[in-house]
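Colleague: I have this one open and would like to go through it with you. Can we start with the overall picture and then look at the packing?

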Amino acid sequence: MTNKEEPLYDIKPSPTMAGCSPDGPETCLKAYGETVVNGAVVPLCSASTGMPCTKAVRAAVPEALDEIAGAGAGAFRGGARRGAAWASSGTDRPFIGLVAKQFPEERFLSLPADYAPAVAAAGGIPVILPFMDDVDAYAALFEHLDGFVLTGGHDVDPALYGGPCPGDDAFASVSQLTPDRDALEFEILNFADAHDIPVLGICRGMQLINVYYGGTLHVDLPTDLGLPREQHWQTAAPAQPVHAVRIGPGTRLGAVMGDGEFSVNSLHHQAVRDVAPALRPCAWADGLVEGVEHPDRAFMLGVQWHPEFFAGEGPMGPLFGALVDAAREVRAAR
């Protein structure tokens, strides 16, 4: 792979996608999985949004379209409340900043749909952060935030950890670089480190935390270590666990999720190589570090998998819950 955009998930749609029609909903993107709408099983339209295929819904349960029109993904996850937002005071709900995925050439940002609901389900208020050059504006904004989630996305610039340079053979495996995002996340960690603000790093976010504190990365697991790509970049649906991680006893991650083995999903081709001196590893799989934490911070934790697909009442809910609980303490102290 060259220095080009890489899909967020290595899951391919059905080759018969073009034939999707009300008469044949089975030809929709079944590779992305299925969901239930009004008792009918229908295929998902995309792995990143979790939305069912509209044509399949129209064919199977057309009455559902009137009930959920315009309501978004939440309508398929228990029903959306429209027009009731002003009734909530938001008391004691901390504000959690979320970093979106950047597409520099197309000049837009994208946040997969599962992150914000995971934060909200844990009791936080998700805030998607903008990209801008105004550092003073960031400083003013961060003062109102009580925690951060550094999400998944493109590779961290190898220049930040002494990795390969453009033109090196190893650089060919690096995905599209996003320098504005790297800069924003360094600003976030500058602020969080100075003021002990809670941070949860997910996939790329964990790697960025390690790089920020002086650690390094494996540029490409198949190239560096000979691991089969699908071993850590699953072809199964993102919400399906594919391998076990071992969470260490006596760690912050172990206190949140329990120590021992835990089943997770896996969507990465890079990984932590040298753990930063300020951090300690807290989870492992296949000889790789899959979790890091800062022992001297109230909550500074990174995981290599994608817990947002398992949040809410699922097994990863405690991870987002711990972030929001730590952020709530920050808010109460202000």
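Predicted model: local features only at pLDDT ≥ 70, side-chain atom pairs only at ≥ 80, totals over all residues.

Colleague: Fine. How many helices and strands does the protein chain have?

Modeller: The protein chain has ten helices and 15 strands.

Colleague: And what share of the residues counts as buried?

Modeller: Of the 334 residues, 49% count as buried. As for contacts between residues at least 6 apart in sequence, 65% join residues at least 24 apart.

Colleague: On to the core. Which residues have the most contacts inside the largest nonpolar core?

Modeller: Val-149, Leu-253, Met-257, Trp-305 and Leu-319 do, in a core of 35 residues. Helix H10, residues 317-333, gives the most to this core, with six residues.

Colleague: Where is Pro-307?

Modeller: Pro-307 lies in the loop between strand E15 (300-303) and H10. Its relative accessible area is 0%, so Pro-307 is buried. Not counting residues up to four places away in sequence, Pro-307 touches Ile-202, Met-316, Leu-319 and Phe-320. From Pro-307 to Phe-320 there are 13 residues in sequence and 8.4 Å in space, C-alpha to C-alpha.

Colleague: And Val-149, where is that?

Modeller: Val-149 sits in strand E7, residues 147-150, and is buried, with a relative accessible area of 1%. Again not counting residues up to four places away in sequence, Val-149 touches Ile-96, Gly-97, Leu-98, Val-99, Tyr-115, Val-119, Leu-200, Ile-202 and Leu-323. Val-99 is 50 residues from Val-149 in sequence, and the two are 6.6 Å apart in space, C-alpha to C-alpha.

Colleague: Now helix packing. At what angle do H4 and H5 pack?

Modeller: Helix H4 (residues 135-142) and helix H5 (residues 179-195) pack at about 45°, and their axes are 11 Å apart. That angle makes H4 oblique to H5. The crossing of H4 past H5 is right-handed.

Colleague: Which residues meet there?

Modeller: On the H4 side they are Val-135, Tyr-138 and Phe-142, which meet Leu-184, Glu-187, Ile-188 and Phe-191 in H5. By type, the residues of this contact are six nonpolar, no polar and one charged.

Colleague: What about H5 and H6, at what angle do they pack?

Modeller: For H5 and H6 the angle is about 65°, with the axes 11 Å apart. The two helices are therefore roughly perpendicular to each other. H5 passes H6 in a right-handed crossing.

Colleague: And which residues make that contact?

Modeller: H5 supplies Arg-181, Asp-182, Glu-185, Phe-186, Leu-189, Asn-190 and Asp-193, and H6 supplies Arg-204, Leu-208, Ile-209, Val-211 and Tyr-212. They divide into six nonpolar, one polar and five charged.

Colleague: How many residues of H6 are buried?

Modeller: Nine of the nine residues of H6 (residues 204-212) are buried, so H6 is largely enclosed by the rest of the structure. Arg-204, Gln-207 and Asn-210 are among the buried residues.

Colleague: Last topic, backbone angles. What is phi for Asp-196?

Modeller: Asp-196 is not a glycine, yet its phi is positive, about 55°. Most residues other than glycine have a negative phi. Asp-196 is in the loop between H5 and strand E8 (199-202), and at 31% relative accessibility it counts as partly exposed.

Colleague: What about phi of Cys-203?

Modeller: Phi of Cys-203 is near 55°, again a positive value in a residue other than glycine. Cys-203 belongs to the loop between E8 and H6. Is it buried or exposed? Cys-203 is buried, with a relative accessible area of 6%.

Definitions and conventions. Residues numbered from 1 in each chain as written. Heavy atoms only, no water. Core = buried A, V, L, I, M, F, W, Y, C linked by side-chain atoms within 4.5 Å. Buried < 20%, exposed > 50% of the residue type's maximum accessible area, 1.4 Å probe, protein only. Helix = DSSP H or I, 4+ residues; strand = E, 2+ residues; numbered from the N terminus. Axes fitted to C-alpha atoms, helices over the stretch in contact; angles between N-to-C directions. Parallel < 35°, antiparallel > 145°, perpendicular 65-115°, else oblique. Left-handed = near helix turned anticlockwise from the far one by under 90°. Contact = heavy atoms within 4.5 Å. Nonpolar A, V, L, I, M, F, W, Y, C, P; charged D, E, K, R; others polar.
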